[in-house]
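Reader: Could you take a close look at one part of this model for me? I'd like to hear about the charged pairs.

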Amino acid sequence: MSDMQSAAATPSVTRREDYRPPDWLLPEIALDFQLDPVRTTVRARLTVVRNEAHDEPLRLDGDGLKLLEVWHNGKRLEEGDWQLDNDRLTIPLEGGEAIVETLVEIAPEKNSQLMGLYASGGILCTQCEAEGFRRITFFPDRPDVLSRYSVRMEADRDRFPVLLSNGECIESGDGEDGRHWARWYDPWPKPCYLFALVAGDLAANRDSFTTRSGKEVALAIWVREADLPKTGHAMAALKDSMAWDERVYGREYDLDQFNIVAVSDFNFGAMENKSLNIFNSRYILADAETATDADFDAIAGVVAHEYFHNWSGNRVTCRDWFQLSLKEGFTVFRDQQFSADQGSEAVARIGDVRMLRAAQFPEDAGPLAHPVRPESYIEISNFYTATVYNKGAELIRMVQAILGPEDFRKGSDLYFERHDGEAATCEDFVTAMEDASGADLGQFRLWYRQAGTPKVTARLDHDAEGARAVLTLSQTVPATPDQAEKRPMAIPLKTALLGEKSGRPIVPERLVMLEEESQEIVFDGLTERPVLSINRHFTAPVTVESNKDPKTLAFLSAHDDDPFARYEAMQQLMVETIIDAVSGRQTDHAPVIEAVRRTLADGDLDKAFIAEAVILPSESFVGDQMLVVDPEAIHKAREALRGDLARSLAEDWRAAYAASSGNAYEYSPAAKGLRRLRAVALGYIAADGADDAPGLAVRQFEGADNMTDRQAALGVLANSDWPERIAALDDFYARYRDDALVLDKWFMVQAMSIRDDTVTAVEALAAHPDFSIENPNRLRSLVGAFGGNQRAFHTASGRGYRFLADFILKADAINPQTAARLLPPLGKWRRFDEQRGAMMRAELERILAAPDLSKDVFEQASKSLG
Ligand code: B3K
Ligand code: ZN
């Protein structure tokens, strides 16, 4: 198979510097599908136009296609008039323009990679980004070739009553032998990665949206009939997103129809195909009984994200895949802004930063580190990363901080206007921002090129007599693979000084730009001793070391006027307390306990914020702060602190639990905040080990009128040694065994458990009849979640490593893209003790030695070995 790699062969590397414009342009393409799960034929009629003077032949990409016919200007070509080499079809052409036609055969039902045209639960659907279109037909599969698509498809009417593609349906009718057909036309030129087609037995939740210029858009969310009642939240989110993009970015929708289809087998979250978004069903289907508040939020975020791509991605697309962050970083930033506008901004920001720290900082610090705009890849699917997405979003946020919101908006207007209909670069985006604002982003551009999380050191010295303070800032950017030397970055840091006694801001917030290796900033007129509040709102994706003592951190956690900074101070206090214990230093829990007590009692704070602020940092986050991670010691130290917090504040947790209980389900920011606090309080009550804790958890589990409360209680039970644990897991399974998305939660809650026997439990679950390696959601909910469970995965025997490596190999034969995404936990071997490190390396070597490895897994495993 073309995309399989023998371990010995070195797969080819694509480099950013090698970019060349396409030799041939394709203004028009007409596709004709005779659909059938077993055997589908695809006829493609390409209008090709020579791009400038050259004598290169037409080269078309293919992957696993059975080529049946090739035509040129209406004449069938003989074999020999074209060449097929390594799945690339080469046709010599004379003149400036030609019509080239191919006929190929594909087998959707056998497509387990879920790239190209495949079958999911009886639905035929497509996924083309990044390079899946070549698995449908021969084509120059690159994002800078834009075409107008005309699509005709024919299928059995009973099995596939609904036929959808991009644009608008312009004709449909009956064919022979119970078949029917539809013709779709998309007037907007687009790259082939945005092509989509769906055929299936689907029902629609229909609605409409009137754009600000008065155009009525027909909206539809297509799902299996039984799932229709679960589509209301996604539809509301879609309409909110459409209105939001008009209001905040001045962007209007540009067609008469917008369709979303939900499928159960999908490699990631969703896909922004022009006017026909295809979604993993977990990001569409929700009701109170089966989806948590976090699920609801994620659905709104992903619906918004895909919708926003219509401008940031579709109308302006990427020149090449190295520019991926141009659309992904910007669109993540846009969906983060949208989500922040739906509820508490601080809580949304805490979520963004948690995600960045959990996924991107470790990536930046490990063997797979790469710049936001990578320089090279073996398999582009491996670069849909937290760095390209989430750090990419932070880059846009920094531009906004530097320019200010008004100039930022001018810049985005200019960018959309200037590049509409084009395939653009990250450089184009930055230039538009500069041109609209007059700002110089010269040094800022380094953020696109240099990998690694910059480390900022901040020291504030106060001279009481001179009433002045000097802030000394310095920065280093750590070495990363292929980048030993780094230059200083432009780091925007919102900074304020608070009075040590008054707790009030004595120097109001201002944006400090750290641009040198080291810089001094002087503040005058400071009679009161100041306390430093820096990187407020998390303006820059950096780590800050400021040597604050526990007392100061506790002070900031209570007094900082930026809620994010309060959260941050508390987190730092907690992390340092845990690390002290792990490192065998004298540990004092009192400042954390006092800070948590004060936060719980602060009537001015909203409940959602309180809940986020009093959660202990995860074991892996603590591990990420250490040179050598000791998973057992971290677990012990964190549990000791958790137990102490639980005991010392027993009354406070019960009060918080009582105050946030007893209200009927409602979906609102306030109600969500109460549920979140209830969950956190229940966790602490359980950690206290009081006799009535199991009863409380069971009561919540059984009596819950929503999944948020039920899952929270199940999580507490699944972590416990209580006899009630098994009954709760069994009950949950019996209740939801027919609902795949909820059953994923059942697998996940067990894979994430802090119990000592989690590895054994996870091994057993992998043999459970409901486990499936083919379904990416199920695979991730067990194997992916287990890889993120630091203590269980790094169990001293090495069983966890073997388990993961076995699964990567098994999954690779089925779905390389999804298999490769499971690999990063093994790449952390340098951070663990010698024995663990050696076992992890051995598993990576075993993976690399396997025959027929995909290039996806090859790239991740070989880079992880370093
Ligand atoms: N653009 C798609 C991601 C495609 C991933 C391909 N490996 C979804 C998104 O980011 O919106
Ligand atoms: Zn995206």
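Which residue does R16 form a salt bridge with, and how far apart are the closest N and O atoms?

Author: R16 pairs up with E375, and the closest N and O atoms sit 3.1 Å apart. A quick note on the ground rules: this is a predicted model, where local features need pLDDT of at least 70, side-chain atom pairs count only at pLDDT 80 or more, and totals for chains, interfaces and linings use all residues. Residues are numbered from 1 along each chain as its sequence is written, and side-chain values use heavy atoms, leaving out hydrogens and water.

A salt bridge here means a side-chain nitrogen of Lys or Arg within 4 Å of a carboxyl oxygen of Asp or Glu, and by that rule there are 77 of them. Back to your pair: R16 is in the loop between β2 (14-15) and β3 (24-34), while E375 is in the loop between α4 (345-364) and β24 (376-377), 359 residues apart. (Helices, H or I with at least four residues, and strands, E with at least two, are DSSP runs numbered from the N terminus.) E375 is partly exposed at 33% relative accessible area; buried would be under 20% and exposed over 50%, with a 1.4 Å probe and protein chains only.

That β2-β3 loop also holds D23, which links to R59 in strand β5 (residues 58-61), 36 residues away. D23 is buried at 15%, whereas R59 is partly exposed at 31%.

R397 lies in helix α5 (residues 386-403), so the pair ties together parts 45 residues apart in sequence. Both D352 and R397 are buried.

Terms used. Chains lettered and ligands numbered in written order.
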